[in-house]
Structures are given as structure tokens and as C-alpha cells.
Amino acid sequence: MTNVLVCIKRVPETSGQILLSEDSQTIDARHVGYTVSPHEECAVELAIQVAKATGGEATVLTVGSSDALAQLRDAIAVGCTGAVLVEAPVDSLGPADVAAAITTVVQDHEAAGSAYELVLVGNDAADTGDFQVGVRLAYRLGRPVVTGVSTVEVSGQTVVARGDGPDGTEVFELPLPAVVAVQEGGIEPRYPSIPGRMKAKRTPVEMRVSEVEPVGSGRVRLKLPPQQPSNVEILGEGAAAAPAVVDLLVRAGVVSR
Amino acid sequence: MILVLVEPGREGAAETSQEALTFARGLAESANTGPLHAVLVGPLPPGSESAYVSQLGQQGVAVLHHAQDDLLSSYSAAAWAASVVDATTATAALVVVASGTPRGNEILAHVATRLDVRMAANVVAVDDVSPLTVSRQVMGGAALEEMAFDTSPAVLTVAGHATEPAAAAQPTSPEVVPLAPTLSDADLVARVARSEAAPVDHTAALTGARVVVGAGRGVGSAEGFDELLELAKLLGGVLGVSRVVTSLGWRPHHEQVGQTGSRVSPDVYIACGISGAIQHWAGISSAKTILAINTDPDAPMVTKAHYAVIGDLHEVVPAINEELRRRLA
């Protein structure tokens, strides 16, 4: 039986136009909405699969504002059975602070008799892209860690983690308890069912307040990359543009005749 | 002193590591931190050390610390980090640099944790040297964060393909210093047990191609690539894809172009159904001519391209293929 803790982060949608807050300290996401990064959606899916396969439980955790309840409920709707929200001013936290906040929960729950043999995190947050929370968490917990993992399976007291290395797929076999940072691509996250959504509304969420004294992120300010003026020449629309495209390819010297 | 972690590539140091070396050399010059040191961890293919020494000399490296131990025969981030920390301590490095590859980010996250200092991932520029302040990619590259180091050494990774690798004005003859790292049992727990897929390197065809046909999310499915492959074939080129295409499993990873894939420099790059995220541009910006085919005239791929066709790639590409076949007949 493997109990899994999976850590997620509420982040602004990154696909649309990015706006900064007036003080340039954060992203103004009022018009684009919030989501969870694909890495973490995959981590949630893997947590549920491992829990199901071993008869354990998958608990979802986030560190952030109380608005992140929505993201916790999404994870419950697809199969997590417990949830923890550590309320903290997320913009003033650095990766070491987030790792410290998660460590407190893991240790408190273990002291209360529910230990997590496996802790899953996303490989890097979609907004801050620090690549550090999983590693810093593992050192605090004194556990082994692998990052960039696309699939995990638990067999007895071993977790088998696979990820893309420079020379093909690499396989790691770690003794539990362990920390694994998940990268999207290995599995397809499931969609919530209607009964899942109903259950998500009823499942209690453990609300905590972070007691970590933050060391912060070192952020001075955010800025947007300079916009280059567009000099694009539109060759046409649809299939009718084909002759103009081929003319261009001939001029570029890549059509042999 | 600045220390750069060098990762192995096809021939000597990886291209991304050479970018990191060029970035570090620029920082060393502006911050006046003295000679550049490099650290290499684990065994090298027999006879390849001289290739490294000559490449690192081109980059102006004064000393190469080479960590060797039988326990480094297979990769473990913790053992690699222990080696980098030992080199950092031995040289009293003020800045530790790696490239923002999966390995580079993983190892330096361990290094920063072990040293209890901050790390900046995917840095693109130095804004100030005292205190060291850098700009790094956040929001998937759509925004930058200015970050100041208040801990030392500064640990940072350099965003892939954001710096052009360039030779130093004064080439050096790096001194190779063997390093025997202090490794604990805990450093070896999370090491690669085995590799599964055979390492086949197809990326050479991509990086040397005169024409690259790029494919993005707009292709729609794994079955949608036939016309694009046909276009590549007609032009004697190859297919390159965006990250989302490999993430969705539509095409293999070795075809990926961009910050975490290959960097291409063809005569013509034809971007089909690619929105044009900054990470993708990092891999294609040195293409001589960029043609975008996209339904969205406001997509960054279109606005930043030299030429564009507005339309569905599944209509436009077959028409181009037909026109090409007609003219080539």
C-alpha cells in the first residue's frame, strides 16, 4: 500500500497575452484565468494510478492563496481522496519556502500516523520555472529524488521511474520513501466525471496557514520581453497562395528547378 | 572565479554547454572575476579528452576539473552535484553556471540546495554585477524575472540557445586537474539503473538541413503529418516539430526544435501550425528565411516571420506540394 502526496500549483494561463501588475511584482491574470501546469496534471494522474494499484490513497496539496481550492477540487474530482491547502502569500515565496511548507505537512501527517511513501511534484512550475521544489523538498525530508520523470510504477518498496535522458529512456529504481518530479508526456491525465465533481464538493480540505519564515525568491521585478515590430509579408490566404510560396522557395534556392 | 559545468555532447562538449561557457566568459569579463574554470563529471569516451581540452581552450577556459570515480559510471544527479560542489569549494567559485538542459537544471538544483543558496534557472542576461542581478525566463518564456543574488556563490543555468557560442579572443590551453569527489552512499541511491530505448541520434540530419518543415499543434493529430513529410521530401529537407508535438506523442523527441530540442539554421524554415512560443524561436532564429503557415494572423510565429500564408495548413501544404510537383515535373 503506497500513500502518495501530489503537490500542485495554481498558475496563470500562459498561452494568452501576459499582463503585469502595476508594481511589476506579479502577473495580472484577471482576464486570462488560472490553471494547473501540464506537468502537475500528469503528476496527479500518476498519483491516482499508484494509489489504485497499491491500495493506497492519493492526497493533493497546494501552497498558495485560498483561491487554489478550485485546483484542489479538480484533483479530487479525478480521484484524489484527501486535500491540503497551505495558505501563504505565494508571490513572496521562493522554491526553498515552498519546499519547507510541504515538508511541515509531510512531517505532521507522518507524526499523526499517515506517512507518504511517495511525494510527487511537477518538474517546474509553469509560472516561475524554478526547477527546484522537488530537489529542495527531498533534501529536507532526507529522501532520494529524480526529476524529469514521465512515468512511475511502485513495486513493493521500490518506485520505478522512467524519463528521457540524453541517451534514450532512463530507468531509475528508488527505494521508498522517495520524491519524484514529474514531466508531462508519459501519460494522459483523465477528465473528471460528474460523480467525481459531486464528490469533490463534499470532500473536506485541510486548511493550514504557512508558518515558514520566507527567504523569498530574489525577485526584483517582472518585465516583458521587448516586442519587435512585425515586418511579415503576407503571401496570400489558403491554397491560392501556393504559387507565391513556390516562387519564394525558388528565390531562396531550395527548389532545384 | 566562475565555474561552468560542462555536459558531454556528440563531439566533445554539448552545444548548450558551449553557450553556457560563452555566457560565463561575458559575465567574468564584466564582473572582472578572473579566469574561467570548467568542471566535467564522469568518464569520457576513450581518447576524447583532447577534444574537450581544445574546445574549452577556444572558450578561454583556464582550468578543467575532471571528476572521476568508479562510482560515477552511471548518472546520479546527487553524485554529479557532489562533484560540482567539491570543485566549487576547491576553487572558491563566486558563480556556478550550467546550461538550462534537464541535466543542467537538475544538477544545479542539487548544488544550490547543498550549498543552501539561491538558484536562477534559464537566465538570458546579466543586468548588474553588484549585487549580481540576472534576467531569467518565467511564464514559459513569455515574461522575464529580474532576480538579485543575496547568497554566494550565485548558482544559475543559462537558457538554451539564448546565447550564441563564440570563441574567446584569447584562446587558452586549459590545465586538466583531476578531482576525486567525496561521494556518500546517499548520493548513489537515485542513479540510472538502465537505459531502455537504444540511443539513436537522428538530430544531425535536422541541424544540418537546408530546409526544415516545422510542425506544431495545428497539425491536429499523429496522423496529420503525411503532407508535411511530402513537402520536406520534395524540397530535400527534414521535418522538425515543436515541443507540444513530442509531448503529445505525435512525433519522436529527436525531431524537436527549440530550447529543449535542436537548434536549426536552414536556408528556409516553413512553420506549419506553430504558434511561435519564445522557446521555439530559440531553435529557429538563425534560419535565413522563415515562412509561417497559420490560421491565426496574430500568432507570434506569423508576426515575427519574414513571410506568411494565412490558412489551414491541411489546405495550404497539399496545394504547395501540387505546385512543386508540377514545376519539378
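**Ground rules**

I number residues from 1 along each chain as its sequence is written, and I letter chains from A and number ligands from 1 in the order in which they are written. Since the model is predicted, local features need pLDDT of at least 70 and side-chain atom pairs count only at pLDDT 80 or more, whereas totals for chains, interfaces and linings use all residues.

**Confidence**

I looked up pLDDT, the predictor's confidence in each residue from 0 to 100, and found a mean of 93 for chain B, with 98% of its residues at 70 or more. The model scores ipTM 0.93 and pTM 0.89. I keep in mind that where pLDDT is low, the predicted coordinates should not be read in detail.

**Sheet ending on a strand of chain B**

For what follows, helices (H or I, at least four residues) and strands (E, at least two) are DSSP runs numbered from the N terminus, and two strands pair if DSSP finds at least two bridges between them. I traced an open sheet of 10 strands with mixed pairing, in the order β11(A)-β5(A)-β4(A)-β1(A)-β6(A)-β10(A)-β7(A)-β8(A)-β9(A)-β10(B). At its edges stand β11 (206-209) of chain A and β10 (192-195) of chain B, and because each has a single partner strand, one side of each is left without a neighbour in the sheet. Neighbouring strands here are turned by 30 degrees against each other on average, direction ignored; such angles run from 0 to 180 degrees between N-to-C directions, and axes are lines fitted to C-alpha atoms, for helices over the stretch in contact.

Within this sheet I followed β7 (residues 145-155) and β8 (residues 158-165) of chain A, which run antiparallel and are joined by 6 bridges; Val154(A) stands opposite Val159(A) of β8(A). I also noted a cis peptide bond from Leu176(A) to Pro177(A), with omega near 0 degrees, and placed Pro177(A) in the loop between β9 (168-175) and β10 (178-182) of chain A.

**Sheet starting on a strand of chain A**

I then traced another open sheet of 10 strands, again with mixed pairing, in the order β12(A)-β7(B)-β6(B)-β5(B)-β8(B)-β4(B)-β1(B)-β2(B)-β3(B)-β9(B). Its edge strands, β12 of chain A and β9 (175-179) of chain B, each pair on one side only.

Where the chains meet in this sheet, β12 (residues 219-223) of chain A pairs with β7 (residues 143-148) of chain B in the antiparallel sense over 4 bridges, and Arg221(A) has Glu146(B) as its bridge partner. β7(B) also pairs with β6 (residues 132-138) of chain B, antiparallel over 6 bridges, with Arg136(B) opposite Glu145(B). These two strands of chain B form a hairpin with 4 residues between them, and Met139(B) in the turn has a positive phi of about 50 degrees.

Further along, β1 (residues 2-5) and β2 (residues 36-41) of chain B pair in the parallel sense over 4 bridges, and Leu3(B) is partnered by His37(B).

**Backbone notes on chain B**

A cis peptide bond joins Ser152(B) and Pro153(B), with omega about 0 degrees, and Pro153(B) lies in the loop between β7 and β8 of chain B. Ala92(B), a residue other than glycine, has a positive phi near 50 degrees and sits in the loop between α3 (77-91) and β4 of chain B. I marked these points with a general rule in mind: most residues other than glycine have a negative phi, and most peptide bonds are trans.

**Contacts between the chains**

Counting residues as in contact if their C-beta atoms, placed from the backbone, lie within 7 Å, I find 65 residues of chain B in contact with 62 residues of chain A.

The axes of α4 (residues 133-141) of chain A and α4 (residues 102-115) of chain B come within 9 Å and cross at roughly 45 degrees. The contact is made by Val135(A), Arg136(A) and Tyr139(A) of α4(A) and by Ala109(B), His110(B) and Thr113(B) of α4(B).

Lastly, β13 (residues 233-237) of chain A pairs with β15 (residues 307-310) of chain B in the parallel sense over 4 bridges, and Ala308(B) is the bridge partner of Ile234(A).

Notes:
Two residues are in contact if their C-beta atoms, placed from the backbone, lie within 7 Å.
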